[in-house]
Amino acid sequence: FGREVRTDGTTFLYVMLQTDAPITLGSSGGALVDGSGRLIGITTAVGVSDGGIEGIGFATPVEIVERVANEIITAGEASRPYIGIRGITTFADTTDGGSTPIGVLIDSVEPGTGAAAAGISEGDVIAAVDGRSVKTMDELIALLREYGSGNTINVTLDGGSVVAVTLGQNPNP
């Protein structure tokens, strides 16, 4: 669960399900079901190395498939939600001398975006979205995939303040 897959030098798929079910090149789009026959995802990518197919595949979780399918049926296209920040995972020191991720530190806020309208600013730390803990930038990206453009989410910042952010459309292809 929650795997990140790089499809080329610049494109990443987030929150993918990894499976060892046989998936061949060209057969993406099929159902991935659990032992009870319940749909859990749609096959999307196959692990390939210089030696050929690696025997692992990746599927888009059914929750994301449902959101995207409903948007296509309703609007004719799928949205790509955009909060409007650039951020990095931030860490806190632990008592044993290590560190642990604690949220997403905002590096910058894009003007005219939902984050800017909500008053989020550089230096803030996102700790949760709709009450669900966010410890890393990857987790934030994963959570945002469950929403569509135009949806409003409640973002909890470090310190406990909660702001409502309306997601925009991702400007990146």
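This is a predicted model: local features need pLDDT of at least 70, side-chain atom pairs count only at pLDDT 80 or more; totals for chains, interfaces and linings use all residues.
Me: How many helices and strands does the protein chain have, and how are they defined?

Reply: The protein chain has 3 helices and 13 strands. Helices (H or I, at least four residues) and strands (E, at least two) are DSSP runs, numbered from the N terminus.

Me: Why is E71 called buried?

Reply: Buried means under 20% relative accessible area, exposed means over 50%, and partly exposed lies in between (1.4 Å probe, protein chains only). E71 has a relative accessible area of 16% and is therefore buried. Its place is in helix α1, residues 62-75. Across the protein chain of 173 residues, buried residues make up 34%.

Me: What makes the pair R67 and E71 a salt bridge?

Reply: A salt bridge requires a side-chain nitrogen of Lys or Arg within 4 Å of a carboxyl oxygen of Asp or Glu. The side chains of R67 and E71 meet at 3.1 Å, N to O, so the pair qualifies. Because R67 and E71 are 4 residues apart in helix α1, about one helical turn separates them. R67 is also buried, with a relative accessible area of 14%.

Me: Which residues does E71 touch beyond its neighbours in sequence?

Reply: Not counting residues up to four places away in sequence, E71 touches G76, E77, A78, S79, G148 and S149; contact means heavy atoms within 4.5 Å. The side chain of E71 also reaches the backbone nitrogen of S79 at 2.6 Å.

Me: What makes R86 and E110 a salt bridge, and where do these residues lie?

Reply: The side chains of R86 and E110 meet at 3.8 Å, N to O, which is within 4 Å, so the pair is a salt bridge. The pair links distant parts of the chain, 24 residues apart: R86 lies in strand β7 (residues 85-93), and E110 lies in the loop between β8 and α2 (114-117). R86, with a relative accessible area of 48%, is partly exposed, and E110, at 25%, is partly exposed as well.

Me: How many salt bridges does the whole structure contain?

Reply: A search of the whole structure finds 4 salt bridges. One of them joins the side chains of R132 and E146 at 2.8 Å, N to O. R132 lies in strand β10 (residues 132-133) and E146 in the loop between α3 and β11, so the pair ties together parts that are 14 residues apart in sequence.

Me: How do you know that I153 is buried, and what does it touch?

Reply: The relative accessibility of I153 is 0%, which is under 20%, so I153 counts as buried. I153 lies in strand β11 (residues 152-157). Leaving out residues up to four places away in sequence, the contacts of I153 include I83, V129, L144 and V165.

Me: What makes a set of residues a nonpolar core, and which members touch the most others?

Reply: A nonpolar core is a set of buried Ala, Val, Leu, Ile, Met, Phe, Trp, Tyr and Cys residues joined through side-chain atoms within 4.5 Å. The largest such core has 21 residues, of which I83, I85, I120, I126, L140, I153 and V155 touch the most other members. The largest share of this core, 4 residues, comes from α3.

Note on methods: Residues are numbered from 1 along each chain as its sequence is written. Side-chain values use heavy atoms; hydrogens and water are left out. A polar contact is a pair of N or O atoms within 3.5 Å; within protein, one must be able to donate a hydrogen and the other to accept it, and residues adjacent in sequence count only if both atoms are side-chain atoms.
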